[in-house]
Structure formats: C-alpha cells, structure tokens
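I opened the model to look up a few residues and the way the chain is put together. My notes follow in the order in which I took them.

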Amino acid sequence: MNHKKTLPFSEITEKQKQTWSSGDFNQIARQNWAMGEALCNAADPLPGQRVLDVACGSGTAALVAERRYCEVTGVDYVPELIDRAKLRAKANGQKINFLTGDAQDLPFDDNSFDIILSVYGVQFAPDQEKAANEMLRVCKPGGLIALASPLPEGWSGDFFAVHAKYNPPPPEVTSPLRWGTEKGVQQLLGRGCSSIEISKQKVLQYYKSTDHALEVFSRWFGPTIQASQKLNDGERKNLLQDIKTVFDRYNQATDGRAIVENIYLQILATKK
Ligand SMILES: C[S@@+](CC[C@H](N)C(=O)[O-])C[C@H]1O[C@@H](n2cnc3c(N)ncnc32)[C@H](O)[C@@H]1O
C-alpha cells in the first residue's frame, strides 16, 4: 500500500475544494453551456438512460442531458455549486439528482450509469488514476464516458500555464492537461475501454470585451482568486495582465467585443 501518495492527494483535494469554493463558478459556467450541449449531442443519450455529470459545478451538462428525458445525476464537491444546480433545475422544472461528492470516490454502485459526462471537471482531480477508475467502475459495461477536456495548447493551455506560473501546483499533481492528450487519455482509460474516439472541437466564449473577460475571471473564478491572494501588488498586476493577454491572443472579434476561441478535446470512450 502506498501511504506516501494517499495523504498528499487528500490534502491537495481539500485545498482544491477551497479554491473552487471561492468565487462563484456559476458565473463562469455560462461559457461552458456550448460544450455541455456539444458533448451531450456527441454522447447522444436515449430517453430513460442513466446519465452522470461528474464535477458538474452548477449543473452545465446535467441540465442538458435531462432535456433528453434521461435520468440524470450530477455530483460535485462544492456544496454551494450543488445548491445552485438544484435551484437551476427547480426553476426549469427539471428533476435531477444533484449531490455533493468527490470524483475520486464516487458515491455510486458499480455499473450504475449508461453515460458519464464531464465538462472541464473530472480532469482537475489530483489522483487521476483513481478518478479514471471511478468513472470506469460506475459506468455500465458497453456504456460511454464522454469528456470535454482542456488541451495543452490554445486558450485553455495558455490560460492554465499563466495560473501555474504564478501559483505553481504541488509537485505530486499531474497537470489536468494530461486529459487533453491522446496519450494521457489512453493511459487513464485505455485498459477499461473497448474503443476511444478523440476529436478536437471548437467553442467560442463571449464577453463584452477582453477587459470584461478579465473582470469576470478575477471576480468569480476560484483559481484566479486564489492565485491573486498569494501575490504582492506587483505580481498580481502581472498575473492579471498575462490573463488579459491570453484573452487578447484568442479573441476573434474586431468590434471591441471578446469572442474567444477555445479548442478542446472531446473524448468518447466505450467501457468494455
Ligand atoms: C471548471 S469547473 C466545471 C464545472 C462544470 N462541469 C461546468 O462545465 O460548468 C470545475 C468543477 O470541478 C469541480 N471539481 C474539481 N475537482 C473535483 C473533485 N475531485 N470532485 C468533485 N468535483 C470536483 C469543481 O468544484 C468545479 O465545479
């Protein structure tokens, strides 16, 4: 048994949970709707099928899947986001089972779900093997694990790199961007799957301007808030400038707005 690894992962998970609890990811999640829609279209669940949204935040993919009359469950370890997800479902008249839980220790029986979705979610779990094994465990044989993963390049890669520069992750943690590489996905899910389809997809994020994009992330995005709090005034200014530069780099609008291109990896993995 490897006790050395277990303790850091639990501590890291607790710290990360505090990070995601700061700010309000629901304010950022409006940019994830399109990925939720696209992922659900690709996974194509049938009415009545059991669908799980892992690290669902305020319910992005879960709310989409329920519109197809699936039996949907969403799990995230931040209680405030689960409360928000419940509110959103209630406001829409949607019945979804939202509950708090860790992607590395899913509170479900083996072979419980036909389809598992995660949009920029499960990728953050520090014990990547455990998170992958948990998805494989709760997915039915022949079921689908469908993920939208941040790529190491493009907007996501650059955005992650800026945060890692100012707030380096602990050395035990493998980058979430491993889930955005074919090799990483094969390592994590390959042994439990009969096929894995991988494709690059494009999504656009919309803001009033790149200054506004920066404002949105500095106010609501946990990892930006946490990084800012650790820095002195000069370093914080540099962090914010670097974030704005990333938005400027991928901005396709020419009329003052920000229409930011994000290419991500779509993974459709069929469990053996
Ligand atoms: C970038 S947000 C995406 C949220 C949601 N999937 C969406 O697209 O709107 C990442 C989410 O992962 C959750 N998360 C990160 N690590 C987790 C873990 N180990 N277990 C459960 N949730 C986790 C965070 O609380 C946060 O809600």
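Is glycine 190 buried or exposed? I count a residue as buried if 20 or more other C-beta atoms lie within 10 Å of its own, as exposed if 12 or fewer do, and as partly exposed in between, with C-beta atoms placed from the backbone. Glycine 190 has 12 C-beta neighbours inside 10 Å and therefore counts as exposed. I found glycine 190 in the loop between helix 8 (182-189) and strand 6 (193-207). Helices (H or I, at least four residues) and strands (E, at least two) are DSSP runs, numbered from the N terminus. From glycine 190 I took the C-alpha separation to phenylalanine 113, 77 residues away along the chain, and got 19 Å.

A note on the source: the model is predicted, so I keep in mind that local features need pLDDT of at least 70, that side-chain atom pairs count only at pLDDT 80 or more, and that totals for chains, interfaces and linings use all residues. Residues are numbered from 1 along each chain as its sequence is written.

Whole chain. I find 11 helices and 7 strands. The radius of gyration is 18 Å, close to the 19 Å that the globule rule gives for 272 residues, so the chain is as compact as a globular protein of that length. The radius is taken over C-alpha atoms, and the rule is 2.2 Å times the number of residues to the power 0.38. Along the principal axes, the C-alpha trace spans about 50 × 45 × 35 Å. Of the 272 residues, 46% are buried. Contacts (C-beta atoms, placed from the backbone, within 7 Å) with a separation of 6 or more come to 76% from residues 24 or more positions apart.

Helix pair. How are helix 7 and helix 11 oriented to each other? Helix 7 (residues 154-166) and helix 11 (residues 233-250) pack at about 175 degrees, and their axes are 10 Å apart. Axes are lines fitted to C-alpha atoms, for helices over the stretch in contact, and angles run from 0 to 180 degrees between N-to-C directions. The two helices are therefore roughly antiparallel, a label for angles over 145 degrees. On the helix 7 side I noted Trp155, Phe159 and Val162 among the residues in contact, and on the helix 11 side Leu239, Ile243 and Val246 among theirs. The residues of this contact divide into 8 nonpolar, 1 polar and 4 charged. Here Ala, Val, Leu, Ile, Met, Phe, Trp, Tyr, Cys and Pro count as nonpolar, Asp, Glu, Lys and Arg as charged, and the others, Gly among them, as polar.

Ligand. I list 22 residues around the ligand, and the closest are Trp20, Asn32, Ala55, Gly57 and Thr60. A residue is near if its C-beta atom, placed from the backbone, lies within 6 Å. Helix 1 gives the most to this shell, with 3 residues. The shell divides into 13 nonpolar, 7 polar and 2 charged residues.

Positive phi. Aspartate 44, not a glycine, has phi near 50 degrees. Aspartate 44 sits in the loop between helix 3 (33-43) and strand 1 (50-54), and it counts as exposed with 12 C-beta neighbours inside 10 Å. Tyrosine 120 also has a positive phi, about 45 degrees. Tyrosine 120 lies in the loop between strand 4 (113-119) and helix 6 (128-138), and it is buried, with 26 other C-beta atoms within 10 Å.

Methods
Contact = placed C-beta atoms within 7 Å. Parallel < 35°, antiparallel > 145°, perpendicular 65-115°, else oblique.
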